[in-house]
Amino acid sequence: MDAVFKALAHPTRRGLLDELFGRDGQTLSALEGRLPMTRFGAMKHLRVLEEANLVTTRRRGREKLHFLNPVPIRLIHDRWVSKYAAPWAATLTGIKRELEEPTMEAVDVQHKVPLSPEPDGDGAMAVFEIYIKTTPERLWEAITDPKLRARYSFGVETHSDWTAGSSYEASVPGVIEIAAGENLEVDPPRRLVQSFNARWSDEVKAAGTSRVTWEITPVGDSCQLTVIHDRLSANANPELYGGWPMILSGLKTLLETGESLTTPGSLMYAQAGDATA
């Protein structure tokens, strides 16, 4: 996490993150044109942000697109803001916001994640990336095993036979249905592509079908996990994709320490599920 704090310490790099927060998936030329710096300067600062995993990139033809990755910020929150401190912090920042910006609309920061237009014009997308010290096989198991999945995904179990073309269902048994869809591509332990139909409220049901891609890449004794949630509408409900940073933070904690996160969001459905057991 030292790299994250180092990256955030410079105002220019914070400015680049703000630019990507406002419009994700920008090229180097676009970012350079919005900030008072040379192309070399922008490249230098972006490199620091990439090394801290605060920015991730994807190729589109000859272009290199830059995406804000909020997962390291979530990891810092989960590491240093305990379940006891979180309500106090939320209250105090809320008071500050109310006093300083009385006209500001309420924003659920847990779900405030930027969306980027997809290169093919087929909706919008959000990209999340995290490094976990584990094997591809263990990571695949954590994604596909219902009981392990529940430990870092709000208590939600995901059941399927995990073959291409098969269906899956995600729920807290006896409490709430979360999602359902089809396993479009299944390539263990490297890649899983799924259609995604949210079920937890009428509002998210109306959003229709989007897509979630899990990509696992071995890196030394660790794995790079990239989650891409795409085929979203440009004005998609943030609840559809905003929980990924907390889920991935919980996954990393589970595989590296064997422990489950105890943040209020992580326990949201888990406690309800325990009550019905």
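1. Asn-183 is placed in strand 7. Helices (H or I, at least four residues) and strands (E, at least two) are DSSP runs, numbered from the N terminus. Asn-183 counts as buried, at 0% relative accessibility; buried means under 20% relative accessible area, exposed over 50% and partly exposed in between, with a 1.4 Å probe and protein chains only. The side chain of Asn-183 makes a polar contact with the side chain of Gln-194, at 3.0 Å. A polar contact is a pair of N or O atoms within 3.5 Å; within protein, one must be able to donate a hydrogen and the other to accept it, and residues adjacent in sequence count only if both atoms are side-chain atoms. With neighbours within four places in sequence left aside, the residues in contact with Asn-183 include Ser-160, Trp-162, Tyr-168 and Leu-192, where contact means heavy atoms within 4.5 Å.

2. On the basis of the values: this is a predicted model, in which local features need pLDDT of at least 70 and side-chain atom pairs count only at pLDDT 80 or more, while totals for chains, interfaces and linings use all residues. Residues are numbered from 1 along each chain as its sequence is written, and side-chain values use heavy atoms, with hydrogens and water left out.

3. The protein holds 11 helices and 10 strands. Of its 277 residues, 48% are buried. Among contacts between residues at least 6 apart in sequence, 53% join residues at least 24 apart. The protein exposes about 14500 Å², of which carbon and sulfur atoms supply 53%; accessible areas come from the Shrake-Rupley method with a 1.4 Å probe, and for residues only the protein chains shown count as cover.

4. Of its 11 residues, 10 are buried, so strand 10 is largely enclosed by the rest of the structure. Strand 4 (residues 124–132) runs antiparallel to strand 10 and is joined to it by eight bridges; two strands pair if DSSP finds at least two bridges between them. Phe-128 stands opposite Val-227 in strand 10. Strand 9 also pairs with strand 10 in the antiparallel sense, over nine bridges, and Thr-217 has Gln-224 in strand 10 as its bridge partner. Strands 9 and 10 form a hairpin with two residues between them, and Gly-220 in the turn has a positive phi of about 60°.

5. Arg-59 stands opposite Lys-64 in strand 2. Two residues lie between strand 1 and strand 2, and Gly-61 in the turn has a positive phi of about 65°.

6. The largest nonpolar core has 43 residues, of which Leu-139, Trp-214, Leu-225, Leu-248 and Leu-251 touch the most other members. Helix 10 gives the most to this core, with seven residues. A nonpolar core is a set of buried Ala, Val, Leu, Ile, Met, Phe, Trp, Tyr and Cys residues joined through side-chain atoms within 4.5 Å. Leaving aside neighbours within four places in sequence, Leu-139 is in contact with residues including Ile-132, Ile-216, Leu-225 and Leu-251. A second, separate core of 18 residues includes Val-4, Leu-17, Leu-54 and Leu-68.

7. The structure holds one aromatic pair. Trp-214 and Trp-244 form this pair, which is edge-to-face, at 5.4 Å centre to centre and with 80° between the planes. The pair links distant parts of the chain, with Trp-214 in strand 9 (residues 209–219) and Trp-244 in helix 10 (residues 244–257), 30 residues apart. Rings of Phe, Tyr and Trp (its six-membered ring) pair if their centres lie within 6.5 Å; planes under 30 degrees apart count as stacked, over 60 as edge-to-face and the rest as tilted. Both Trp-214 and Trp-244 are buried.

8. Most residues other than glycine have a negative phi, and most peptide bonds are trans. The peptide bond from Pro-188 to Pro-189 is cis, with omega near -5°, and Pro-189 is placed in the loop between strand 7 (176–187) and strand 8 (191–198). Trp-162 has a positive phi, near 55°; Trp-162 lies in the loop between strand 5 (157–160) and strand 6 (167–172) and is buried, with a relative accessible area of 15%. The phi of Arg-231 is positive as well, near 55°. Arg-231 is in strand 10 (residues 222–232) and counts as partly exposed, at 39% relative accessibility.
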